[in-house]
Amino acid sequence: METTKPPPALRALLALRWLFLLLASLPAAAQAQAPVDLAQRLQACAACHGKEGRATPDGYYPRIAGKPAGYLFNQLANFRDGRRRNADMAHLTAQMSNAYLREIAEYFSSLELPYPPAAPVQATVAELARGAALVHEGDKARGIPACAACHGERLTGTLPAIPGLLGLPRSYVGGQLGAWQTQIRSARKPDCMADVAKRLTSADVAAASAWLASQTLPTDTRPAAAPAKPLPLECGSAQP
Ligand code: HEC
Ligand code: HEC
């Protein structure tokens with residue numbers, strides 16, 4: 001039952017304590033062992049990120065399962081190195097080597113798990129139409145490229161390191177775009193998402209995130225091959 005669960009903050013705290021004990025008890029050399037071992041150790045991530053990294057319904061903890069490995073690796077390194085700010089994630093990754101972060105990224109990327117059905121969103125028809133136009137066509141007059149040019153026609157992400165945009169809660173998508181606008185989140189330079197986010201008004205952010213969150217995922221949710229055309233902006237984080 002939902003009501004018997006401890007509140008998210010407490011759950012997170014318990015998870016962190018458990019994780020630190022677990023990670024601290026392992027000698028560095030043992031951090032590159034059998035996958036069963038890794039899966040067991042990474043169960044602690046599920047306390048925040050949901051069962052097997054599928055995300056929690058409240059939308060605060062993002063899904064990590066099935067995202068491109070290069071993307072997951074970049075994010076873990078971004079938290080560790082301060083390009084993306086979240087105290088828990090920074091703390092968790094502080095002592096982790098690139099090699100270990102890659103292992104973690106490969107593990108979660110390899111999980112092919114179903115996505116929940118799209119949640120209903122509150123938005124006007126005009127807002128949703130604006131969102132769809134931004135995603136598929138961008139806005140030439142304002143120098144905004146189509147999101148699909150980088151995130152893939154199916155919007156399930158592109159290899160090796162661009163994440164999908166479907167199956168994410170509206171609040172998460174809006175929150176991340178806002179974080180780029182206020183520089184709480186950044187990526188390796190040139191940071192194309194910072195350029196994109198800067199050109200979006202708050203109405204654009206609301207429209208794009210509402211439309212994206214209202215979409216049903218395609219049958220094949222895996223990231224597509226790298227785009228054949230060069231990306232419309234240069235992205236330092238398009239590679240792991
Ligand atoms: C205490 C809660 C907590 C724990 C435990 C935790 N995370 Fe996170 N993680 C978060 C939050 C909150 C965010 C989103 C931060 C933001 O919005 O910038 C996040 C973001 C991430 C992201 C970026 C996802 C994306 O789509 O951009 C990755 C990857 C990640 N976590 C991996 C892990 C892994 C691997 C573990 C276990 C070693 C872990 N996390 C444990 C809270 C947690
Ligand atoms: C020029 C290529 C490019 C374009 C155009 C682009 N993106 Fe991105 N986007 C990226 C890259 C690269 C990343 C990964 C950045 C990182 O490593 O942190 C990303 C990440 C994101 C994320 C973070 C996802 C997560 O799981 O945390 C969101 C949200 C996002 N983009 C939304 C958009 C939207 C909405 C548009 C259109 C208005 C858009 N992007 C257009 C390249 C692009």
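The buried residues of helix α10 pack against helix α9. This is a predicted model. Helix α9 spans residues 170–181 and helix α10 spans residues 192–199. Helix α9 also packs with helix α11, residues 202–213.

**The buried face of α10**
- Three residues of α10, C192, V196 and A197, are buried.
- Viewed along the axis of α10, these buried residues fall within an arc of 130 degrees, so they line one face of the helix.

**α9 with α10**
- Two packed helices are described by the angle between their axes and the distance between the axes.
- For α9 and α10, the angle is about 100 degrees and the axes lie 8 Å apart.
- Angles of 65 to 115 degrees count as roughly perpendicular, and α9 and α10 are therefore roughly perpendicular to each other.
- From α9, the contact uses L177, W180 and Q181.
- From α10, M193, A194, A197 and K198 take part in this contact.
- By class, the contact of α9 with α10 has 5 nonpolar residues, 1 polar and 1 charged.

**α9 with α11**
- Helices α9 and α11 pack at about 145 degrees, with axes 8 Å apart.
- The crossing of α9 past α11 is right-handed.
- On the α9 side, R170, V173, G174, L177 and G178 make the contact.
- On the α11 side, V205, A206, S209, A210, L212 and A213 make the contact.
- The contact of α9 with α11 divides into 7 nonpolar, 3 polar and 1 charged residues.

How values were computed: Residues are numbered from 1 along each chain as its sequence is written. Chains are lettered from A and ligands numbered from 1 in the order in which they are written. This is a predicted model: local features need pLDDT of at least 70, side-chain atom pairs count only at pLDDT 80 or more; totals for chains, interfaces and linings use all residues. Axes are lines fitted to C-alpha atoms, for helices over the stretch in contact, and angles run from 0 to 180 degrees between N-to-C directions. Helices (H or I, at least four residues) and strands (E, at least two) are DSSP runs, numbered from the N terminus. Angles under 35 degrees count as roughly parallel, over 145 as roughly antiparallel, 65 to 115 as roughly perpendicular and the rest as oblique. Two residues are in contact if their C-beta atoms, placed from the backbone, lie within 7 Å. Ala, Val, Leu, Ile, Met, Phe, Trp, Tyr, Cys and Pro count as nonpolar, Asp, Glu, Lys and Arg as charged, and the others, Gly among them, as polar. A crossing is left-handed if the near helix is turned anticlockwise from the far one by less than a right angle, and right-handed if clockwise. A residue is buried if 20 or more other C-beta atoms lie within 10 Å of its own, exposed if 12 or fewer, and partly exposed in between; C-beta atoms are placed from the backbone. The arc is that of the directions from the helix axis to the C-beta atoms.
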